[in-house]
Amino acid sequence: KAKKLYEEIERNSLFRCPVNQDDRSIMNIPFVFNDNLEELPFLEFCKDRGLYTLKGHRSVGGFRASIYNAMPEAGVDALVQAMQDYESK
């Protein structure tokens, strides 16, 4: 699941991961916009697709996907699709 999400973050022109590759978690995946885009519209875009709790830490901002064992792969697939759809809009 983590590999799939990190690959989308790397591929997508809107996002990047602020954590060095060697230090990345497989359970909590932070990502941010490459540019200074408003975060709220993306969060609302995701919420409309049933994707919640993606807001990053209040002192750092950005986004965070928690993909613990109970998170089904379909949830990661839905987030990846939302990221791709947001990129193309």
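## Close-up views of a predicted model

**View 1. The largest pocket.** The largest pocket has a volume of about 150 Å³. The structure shown is a predicted model. In this pocket, 14 residues form the lining. Tyr52, Thr53, Leu54, Ser66 and Met71 lie nearest the centre. Two elements each give two or more residues to the lining: strand S3 (63-66) and helix H3 (73-88).

View 2. What kinds of residue line the largest pocket: nonpolar, polar or charged? The lining holds 9 nonpolar residues. Another 4 are polar, and 1 is charged.

**View 3. A salt bridge within helix H1.** The whole structure contains 6 salt bridges. One of the pairs found is Glu8 with Arg11, whose side chains meet at 2.7 Å, N to O. Both residues belong to helix H1 (residues 2-11). They sit 3 residues apart, about one turn of the helix. Is Glu8 buried or exposed? Glu8 counts as buried because its relative accessibility is 4%, and the limit for buried is under 20%. Arg11 is partly exposed, with a relative accessible area of 44%.

View 4. Glu10 lies in helix H1, while Arg24 lies in the loop between strand S1 (15-16) and strand S2 (28-33). The pair therefore ties together parts that are 14 residues apart in sequence.

View 5. Which side chain meets that of Glu87 in a salt bridge? The partner is Arg11, at 2.6 Å, N to O. Glu87 is partly exposed, with a relative accessible area of 24%.

**View 6. A network of salt bridges.** Which residues are linked in a network of salt bridges? Lys4, Glu73 and Asp77 are linked in this way.

Key: Residues numbered from 1 in each chain as written. Predicted model: local features only at pLDDT ≥ 70, side-chain atom pairs only at ≥ 80, totals over all residues. Heavy atoms only, no water. 1 Å grid on protein atoms, 1.4 Å probe; cavity = no way out; pocket = protein on both sides within 12 Å on 5 of 7 lines; lining within 4 Å. Points joined across faces, edges and corners; volume = space filled by probe spheres on them. Helix = DSSP H or I, 4+ residues; strand = E, 2+ residues; numbered from the N terminus. Nonpolar A, V, L, I, M, F, W, Y, C, P; charged D, E, K, R; others polar. Salt bridge = Lys/Arg side-chain N within 4 Å of Asp/Glu carboxyl O. Buried < 20%, exposed > 50% of the residue type's maximum accessible area, 1.4 Å probe, protein only.
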